[in-house]
Protein chains: 2
Amino acid sequence: MKRSFIREILEAIDEETISFAGGLPSLNLFPTQDLKEATIKVLDNPKIYQYTVSNGINELREQIAKRYSDEGFPTTKDNILITTGSQQAMYILAKFFENKDITIEEPSYLGAMNIFRLNKLKMQGVKLENDGVNISEFEKSFKNTKLTYLIPDFQNPSATTYSQEKREEITKIVEKHDGILIEDSPYSELFFDKKMPYISAKLPKNSFHLGSFSKTLVPSYRIGWIRADEEKIKSLLIIKESIDLHSSGVSQYILAEYLKDTQKYEKHLQSIRDDYKAKAEYFSKQLKLIMPEFKHQLPKGGMFLYGTFGDNIDTFALVQECLKKKVVYVPGNQFYIDKVPNGEIRFNYTHSNFEQIEKGIKLIKSCL
Amino acid sequence: MKRSFIREILEAIDEETISFAGGLPSLNLFPTQDLKEATIKVLDNPKIYQYTVSNGINELREQIAKRYSDEGFPTTKDNILITTGSQQAMYILAKFFENKDITIEEPSYLGAMNIFRLNKLKMQGVKLENDGVNISEFEKSFKNTKLTYLIPDFQNPSATTYSQEKREEITKIVEKHDGILIEDSPYSELFFDKKMPYISAKLPKNSFHLGSFSKTLVPSYRIGWIRADEEKIKSLLIIKESIDLHSSGVSQYILAEYLKDTQKYEKHLQSIRDDYKAKAEYFSKQLKLIMPEFKHQLPKGGMFLYGTFGDNIDTFALVQECLKKKVVYVPGNQFYIDKVPNGEIRFNYTHSNFEQIEKGIKLIKSCL
């Protein structure tokens, strides 16, 4: 088993390298002052330092549940399991479905694919189109696997957003075969124009919905969650507590305190959306200007811009050259089950500033 | 797979119940003021909120390494992998040794046994005596398994501390069969009189040494670590990053800041040792006074006092009665591979105050 390309890159590159690689939020957008206030408020209570329950503190689970309910997806705290980042949510599910077959998008999130491999799930890839997976291919696979992992909002890596029609088709297929949907939603709040309804909202008994504060607030608290049917949450809890007893209590108490002021959080979310939208547009514009041979679509949200040079360029070979010139991205082949080199690239546009975006694209262009 | 008895109890009991069950540190001993100072110092740096490296931040790994080196066990930061509590350290190792046979003490830590079951390790129990495992039984098992999990200092649950002789015997056997020792040391710093040398110090290439800040400082940061040969750390890193990318960055930065003042930490450790020693002695004294039929030895450190009523009392049945009277402990059968009821009990003495200790023992006595 090899390490993730992205994690290796993140650890290997120096400060000067312009990184379009990781899914790193912008440092400048962390609400450090508000988090500091929340932190200081909870610090005097020694309870925050003690062992706590494995499923997560009540206050935080209630706040997360309320957000679902407010969006028309009835949820209580008993439907929520707090996890050590969304990554652990995925790991818990992979352990739960160990050795099973699973239908995934291609390309897909490489962290999830690594977890599936580690837990011996057999992945079947279905081609991702501009508005979601190819539906007939999806049903052909799903009727056998009865288990799927999808990222319907601003997908990682492709930035694809599922159309309303395809969301409904997926719902029907999951229901028809009484299977399970794992819906990964780390980017759903990062929409530029509008939020689409979760597919899981129509499949409350047949879904695991994954959320995270890593992309909307800060990654280093390592707090994500799974939303599922109460009985399913109970089964997952056994795995969760075996892995780390519980997620950081300090992180949970600070978050619960910060989230009390929902308006503040909403305002923060809006500021990220505005910032990321401006960056996505700038990134796209610079690509068209500097490197028009790279074909791509403007994302509708999230953190990534995806596209291709076509079949004549091997972006996996190219990135080695780019690294020498101190710029890095993730080559598209990393997001496929069989990592055959291709001309695709995933760019993260959230972590760099405008100047770095322009400079980075020029450096890549010079490597072609 | 069932949930851990302790985790279930922890979540089910109310505030009024006197708990001798979990391995909970005393709330009053958390150095909240010093942790607050360290927290406020790091809070203004937005870097603490970003994704960080999977193996743990340099500053913290260096500080942990230095403590080993100072005790005569040469260690660098590259020998350290930061984990989400010692529990995750165990999980990572269980995943690494999936499906293998493993020699364990009986009784042993039930959290570890649950993790081993979840990852299909086949456990072979070796009887624990007053000064460590029975050596001939141990070698008989280890020559086949070549893998063992031991808690040589103030063992959980039995409070057993390995003699110097048995430490040396274990070293010889592990070397002779070129096997692996997993040495779990969450309680080693909680000695009442003296610290024994780690067995791993003589087996730097054949050991994984597990440590944690949960018992010495606060549990809710969820920071533990594995100390091992550099090559082994690299292998474990792949599993670690699949499980949760990295442990809480905020926790790591706060801890690294707090630990800069080593004298402060040493003073804190000494205050815990003093407090726990007084409580252990009081607990033992009260047991002799109130419930002399419970035979036990005074612990030399750690958090637990272990003993037995003999074969006439089933402590698993008894605890159901005790729960009604609002007192709880962990029945000894939970710590065996086959959970056959017996007359043994593990008492945690660190979480309760003197009044609760006396009252709790009287309540148990009334259930006999």
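How many salt bridges does the rule find across the interface of domain 1 of chain A and domain 2 of chain A? The rule finds three, a salt bridge being a side-chain nitrogen of Lys or Arg within 4 Å of a carboxyl oxygen of Asp or Glu.

## Basis of the report

This is a predicted model, in which local features need pLDDT of at least 70 and side-chain atom pairs count only at pLDDT 80 or more, while totals for chains, interfaces and linings use all residues. Residues are numbered from 1 along each chain as its sequence is written, chains are lettered from A and ligands numbered from 1 in the order in which they are written, and side-chain values use heavy atoms, with hydrogens and water left out.

## Two domains in chain A

Chain A is divided into domain 1 (5–23 + 265–367) and domain 2 (49–260), with bounds that come from an automatic or database domain assignment. The C-alpha centres of the two domains lie 25 Å apart. Contact (heavy atoms within 4.5 Å) joins 28 residues of domain 1 to 30 residues of domain 2.

Between them, the domains of chain A bury about 2,600 Å², of which 62% is on carbon and sulfur atoms. Buried area here is the accessible area (1.4 Å probe) that two parts lose on being put together, summed over both. In domain 1, the residues that lose the most area to domain 2 are Tyr265(A), Arg273(A) and Ile337(A), together 28% of what that side buries.

Arg67(A) and Glu266(A) meet through their side chains in a salt bridge (3.1 Å, N to O). This pair links distant parts of the chain, 199 residues apart: Glu266(A) belongs to helix H10 of chain A and Arg67(A) to helix H3 (residues 58–70) of chain A. Helices (H or I, at least four residues) and strands (E, at least two) are DSSP runs, numbered from the N terminus.

On the side of domain 1 that touches domain 2, helix H10 (262–290) and strand E11 (304–308) of chain A each supply at least two residues. H10(A) gives the most to that side, with nine residues.

## Relation of the two chains

Chain B can be laid on chain A with an RMSD of 0.0 Å by a turn of 180 degrees and a shift of 0.0 Å along the axis, the superposition being by least squares on the C-alpha atoms of residues with pLDDT of at least 70 in both copies. The two copies are thus related as by a two-fold rotation axis. Ser248(B) comes closest to this axis of the residues of chain B, at 3.5 Å (C-alpha).

## The interface between chains B and A

In chain B, 61 residues are in contact with 61 residues of chain A. The copies meet through the same surface, because 100% of the interface residues of chain B are also interface residues in chain A. Chain B and chain A bury about 5,300 Å² between them, with 59% of it on carbon and sulfur atoms.

Four salt bridges are counted between the chains. Lys36(B) forms a salt bridge with Asp44(A), with the closest N and O atoms 3.0 Å apart.
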